[in-house]
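Please look first at the chains as they are drawn below, and keep them in view while reading.

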Amino acid sequence: MAAISRDDVAHLARLARIEMSAEELDHMASELDVILGAVARVQEVAGQDVPPTSHPLPMTNIFRADVVKPSLTNEEALSGAPAKVEERFKVPQILGEAE
Amino acid sequence: MSSIRLSAAEMGAALAKGEITSVELTNQHFDRIAEVDTAVHAFLHLDKEGALAQAKSVDAKRAAGEKLGPIAGVPLALKDVLTQKGIPTTCGSKMLEGWRPPYDSGVVTKLKDAGVVILGKTNMDEFAMGSSTENSAYGPTHNPWDLTRIPGGSGGGSSASLAAFEAPLAIGTDTGGSIRQPAAVTGTVGVKPTYGGVSRYGLVAFSSSLDQAGPCARTVLDTALLHEAIAGHDPRDSTSINSPVPQVVAAAKRLDVKGMKIGVVKEISGEGFQAGVRTRFEESLQLLVEAGAEIVEVSCPNFDYALAAYYLIAPSEASSNLARFDSMRYGIRVGDDGNRGAEEVMNLTRQVGFGREVKRRIILGTYALSSGYYDAYYGSAQKVRTLIKRDFEAAFTKADVLVSPTAPTTAFKIGEKSDDPLAMYLNDIATIPVNMAGIGGMSLPCGLAPEDGLPVGFQIMSPVMQDDLMYRVGGTLEAALNSKWGHTLISQIPDLQVR
Amino acid sequence: MGSHFDLADPRFAGALVALNFAQAMEKYEPTLGLEVHVELNTNSKMFCSCATEFGGSPNTQTCPVCLGLPGALPVVNAKAIESTILIGLALNCSIAPYSRFARKNYFYPDMPKNFQTSQYDEPICVNGYLDVEIDTDEGPAKFRIEIERVHMEEDTGKSLHVGGSTGRIHGAEYSLLDYNRAGIPLVEIVTKIVPGTGKYAPQVARAYVTELRDILRSLGVSDVKMEQGSLRCDANVSLAPMGSGKLGTRSETKNVNSLRSVERALFGEIERQANRLENGERVVQETRHFLEDTGLTRPGRSKEQAEDYRYFPEPDLVPVTPDAKWIAELRTKLPEKPSTRRKRLQTEWNVPDKEMTALINAELLDVVEETIALGAEPTRARTWWLGEISRLANEKEVEPTSLISSANLAEIIALIASGELTDKLARQVVEGVINGEGSPADVIAKRGLKVVSDDSALMVAIEAAIAAQPDTAERIRGGNIPAAGALIGAVMKATGGAADAAKVRELLLKHLGQA
């Protein structure tokens with residue numbers, strides 16, 4: 001039984017904002033199925049009592065002082081923009097609503 | 001007489017003595033690149049203007065009597081994943097075609113301060129995801145030992161540029177082996193410092209808790225010189241270690257391993273690896289014994305799960321790190337014909353801008369983090385990471401450093417594994433555990449495999465913040481090997497077709 | 001507040017039943033949940049050193065970090081941590097010995113990284129409470145609002161929608177983005193569910209946000225101006241049948257931009273939900289937007305699928321572990337609680353409840369305290385602010401504190417106390433200061449407003465008044481003291497209010513043999 005179906009991949013592609021053709025979806029589903037089969041074995045040793053590691057080194061409390069430093073100029077900030085209007089980034093119409 | 005075959009240390013000495021200028025040296029390297037890079041394709045972008053300006057500036061300082069560092073004026077190739085202000089940075093991806101960052105990475109700032117001459121940006125697997133540089137959107141790089149073969153990945157461009165004598169120094173980045181495995185298959189040296197040892201500011205993130213920039217060169221000493229130039233605390237990187245730079249140059253020159261315990265890790269000691277790789281590895285162990293070290297066998301049973309855990313953690317972090325590539329602020333934009341909304345344009349851009357492997361990992365990572373699957377996949381992988389750290393800690397009570405062959409095979413043919421993701425992932429089986437634990441890892445050449453005459457790499461792993469240990473062992477082994485052969489390994493590379 | 005629902009309204013065609021708020025509250029029990037976002041007033045942003053100043057030219061306060069450029073990395077602002085801990089302490093929270101940042105992953109163009117660096121299961125402050133007091137039918141009642149968590153996150157950029165007929169999102173041709181605001185520190189304060197408020201739910205919510213705002217202001221960690229967006233409130237409410245012991249489906253209402261709107265929004269939402277339930281329809285779990293003009297809410301754009309934020313610990317930042325010593329230090333920095341301060345001032349000033357409430361509701365406490373601190377006599381300070389100044393402010397439809405400074409008013413009150421101004425003259429001085437004629441001294445000089453207390457000058461006026469009203473004067477001579485009022489009034493009128501009324505009375509009575 002496949003660990004991951006074409007519909008699953010379609011859902012993930014939506015979450016990840018990547019357009020995929022039907023062919024791409026099929027191909028991706030079968031490849032991921034194989035890969036997931038191989039990586040699932042982490043569950044074998046991941047016991048309840050093992051704490052997860054999210055940072056390789058045990059550092060804590062790294063802060064910076066609340067001091068203002070020069071920002072990029074408007075030109076620098078917009079230098080890579082695919083489109084701009086005056087001083088702002090121009091983007092296609094946003095249909096959704098902010099969180 | 002071209003100086004391109006000298007080591008960086010030798011070039012630095014020649015520059016200091018006034019035997020050559022940096023401008024001359026830089027031009028020699030650009031000439032070499034012009035001769036061979038059509039065949040090798042190590043570089044994506046050359047910055048002649050900037051490099052010569054830097055070279056000129058260094059020459060002027062030297063002429064004025066300023067005391068400069070050991071690699072001031074020496075050329076270097078920079079992996080295209082690090083930002084350099086005003087210079088195209090593509091990360092091997094179509095997504096960033098033409099993008100010129102408005103800021104320098106921490107590594108580049110340190111290189112400029114050290115007077116190093118950055119020749120250009122090198123080719124890589126797209127967004128550092130790969131083990132062969134075949135995933136570059138700009139075409140593969142070819143291994144200078146055999147142009148039909150891969151140079152390793154993701155940093156194949158950097159290692160190939162060294163092997164082709166296009167540069168004596170290079171910077172790579174290593175997330176699961178992307179410095180070490182290319183070093184192994186090109187007969188060069190590459191080091192992944194302890195995580196946090198080199199700034200990640202300006203290093204385009206693939207997997208934030210695993211990524212590390214590191215030095216690459218043709219000799220252990222050169223690598224050490226570059227390591228000291230780029231290492232150190234950066235307050236702009238919260239994961240940067242705030243400690244003195246390890247004394248790796250002194251360690252590299254020490255040439256002494258008497259009394260050291262060298263741990264061979266059972267799980268990655270060569271079982272299932274190419275025969276010639278094992279042979280050369282074991283011969284090197286013998287040389288270390290002859291040099292006065294003791295070989296001990298250690299077992300790290302959780303290493304068997306390292307690959308699986310890595311291919312959950314790295315794609316998960318990547319799926320989040322690469323979300324910013326949405327065509328709104330920089331990079332390419334596809335499908336914006338005035339009739340489409342932002343979301344649709346994002347979707348189309350990411351379909352076109354990302355290659356197959358990147359998309360695969362983004363989807364896999366999205367899955368591993370998603371509601372209902374987090375515990376089983378990402379959560380479990382992070383636990384495996386703890387187990388791997390514990391295995392290393394236990395092993396390091398028995399040995400000063402651990403060793404293994406760097407990669408299971410020598411350089412394979414271009415196209416041989418590109419249709420089989422899992423087979424490709426297996427190239428990193430010996431290198432991945434190092435990144436998972438955040439410790440230091442080095443690969444240096446230990447011979448040519450008898451069956452195919454291709455380079456084999458020897459991996460040395462040192463405990464957290466003790467990078468000097470791997471340079472001590474590496475330097476000693478390199479000297480012993482060179483002595484045994486009567487020459488360096490890289491000097492044996494067949495001549496490239498000169499145009 | 002009356003009901004919004006008119007049965008004749010075509011929206012309710014076909015409705016079997018229509019309830020107003022009061023009726024709804026007889027049948028249903030509301031449960032509240034409040035989320036408040038506070039924009040901190042740090043100098044620099046949460047994760048980078050860009051300025052946070054409001055109103056800068058677009059995209060001039062950005063850098064690789066807050067633009068989310070490839071390769072950029074965050075570094076935590078120490079002041080933001082301190083402010084958040086102060087907020088937690090002021091809300092009686094426990095400060096977590098170990099807390100972490102997490103990535104909240106979703107795509108939206110105003111979010112440069114397409115994830116928000118926030119906190120998930122390891123927030124910095126947990127389990128606090130805030131007590132509020134409201135007026136009920138049975139008199140004042142206290143409610144304890146429990147606080148689930150206080151955590152840190154970052155603000156987004158601002159988008160401008162261009163083109164289209166309405167200027168709102170739908171129908172816009174394109175959008176323009178300014179990232180100056182992206183990365184400004186935000187603190188999110190989330191309550192636990194608040195049951196048991198009954199029909200007072202809207203008032204309790206308003207009282208909570210008001211008290212919270214006052215606390216944040218006293219801590220000095222934010223401007224807390226709802227109209228400017230430095231204090232934002234999302235109100236959640238669900239209804240369950242009275243006595244059912246269950247919880248209903250909740251809705252979340254955003255775009256609540258004032259304290260009054262908090263109350264109105266919940267009032268309207270409760271009515272809406274009750275009416276749905278009465279008519280046999282489910283309440284949909286959704287985000288709604290409050291509409292200022294009607295007091296109703298409209299649904300947000302429905303999403304095809306619920307967003308999966310795929311939270312995971314932020315690998316670019318390390319955990320925050322505030323030690324006990326630091327927390328103890330910060331605890332000493334806590335200012336007096338607003339409620340404690342209010343009680344203290346009431347006692348000090350000896351003010352009855354009704355007047356105290358009036359002062360609090362009119363938000364004049366601070367300025368009255370200031371005026372008193374500058375030397376004004378307490379009763380006069382209160383009376384002037386609550387009385388004349390508030391009256392003028394209402395006329396002009398502005399805030400009392402914008403009309404005149406506490407310093408100027410204190411000066412005027414001092415002149416009254418010293419006898420150099422009468423109340424009537426003082427009103428003229430206030431008018432002059434408000435009109436921009438200068439300081440109190442300037443106005444007095446320009447307009448020639450000085451109390452006439454020179455006895456001989458007053459006697460002239462007094463004798464004139466007596467001459468004009470001989471019968472009244474005779475009555476006073478005969479012992480009818482109250483009749484003096486008419487003559488005093490006449491003298492005041494004659495002197496244009498510049499006479500010291502008490503002095504006039506004294507002189508008059510003495511003159512008429514009634515001293």
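In chain C, strand E4 and strand E15 (residues 312-313) pair in the antiparallel sense over 2 bridges; strands (E, at least two residues) and helices (H or I, at least four) are DSSP runs numbered from the N terminus, and two strands pair if DSSP finds at least two bridges between them. The model is a predicted one, in which local features need pLDDT of at least 70 and side-chain atom pairs count only at pLDDT 80 or more, while totals for chains, interfaces and linings use all residues. Residues are numbered from 1 along each chain as its sequence is written, and chains are lettered from A and ligands numbered from 1 in the order in which they are written.

Within this pairing, Arg103(C) stands opposite Phe312(C) in E15(C). E4(C) also pairs with strand E5 (residues 115-118) of chain C, in the antiparallel sense and over 4 bridges, and there the bridge partner of Arg103(C) is Thr117(C). Strand E4 covers residues 102-105 of chain C, and both of its faces are covered, with Ala102(C) and Lys104(C) buried on one side and Arg103(C) and Asn105(C) buried on the other. Here a residue is buried if 20 or more other C-beta atoms lie within 10 Å of its own, exposed if 12 or fewer do, and partly exposed in between, the C-beta atoms being placed from the backbone.

Strand E9 (residues 174-178) of chain C is likewise a buried element, for 5 of its 5 residues are buried. Tyr174(C), Leu176(C) and Asp178(C) lie on one side of E9(C), and Ser175(C) and Leu177(C) on the other. Strand E8 (residues 158-162) of chain C pairs with E9(C) in the antiparallel sense over 5 bridges, and His161(C) stands opposite Ser175(C). E9(C) is also joined by 4 bridges to E3(A), which runs antiparallel to it, and in that pairing Pro92(A) stands opposite Tyr174(C).

E3(A), which spans residues 88-92 of chain A, also belongs to what covers the buried residues of H11(B). Those buried residues are Ala342(B), Val345(B), Met346(B), Asn347(B), Thr349(B), Arg350(B) and Gly353(B). H11(B) has 12 residues and reaches 16 Å from its first C-alpha to its last, close to the 16 Å expected at 1.5 Å a residue, where the expected span is 1.5 Å times one less than the number of residues.

Turning to the contacts between whole chains, 56 residues of chain B are in contact with 45 residues of chain A, two residues being in contact if their C-beta atoms, placed from the backbone, lie within 7 Å. Among the helices of chain B that each supply at least two residues to this side are H11 (342-353) and H13 (375-398), and H13(B) gives the most, with 11 residues. The chain B side divides into 28 nonpolar, 15 polar and 13 charged residues, where Ala, Val, Leu, Ile, Met, Phe, Trp, Tyr, Cys and Pro count as nonpolar, Asp, Glu, Lys and Arg as charged, and the others, Gly among them, as polar.

Chain C also holds an open sheet of 9 strands, with mixed pairing and the order E3-E6-E7-E10-E1-E11-E12-E13-E14. Strand E3 (94-95) and strand E14 (297-299) of chain C stand at its edges, each with a single partner strand, so one side of each is left without a neighbour in the sheet.
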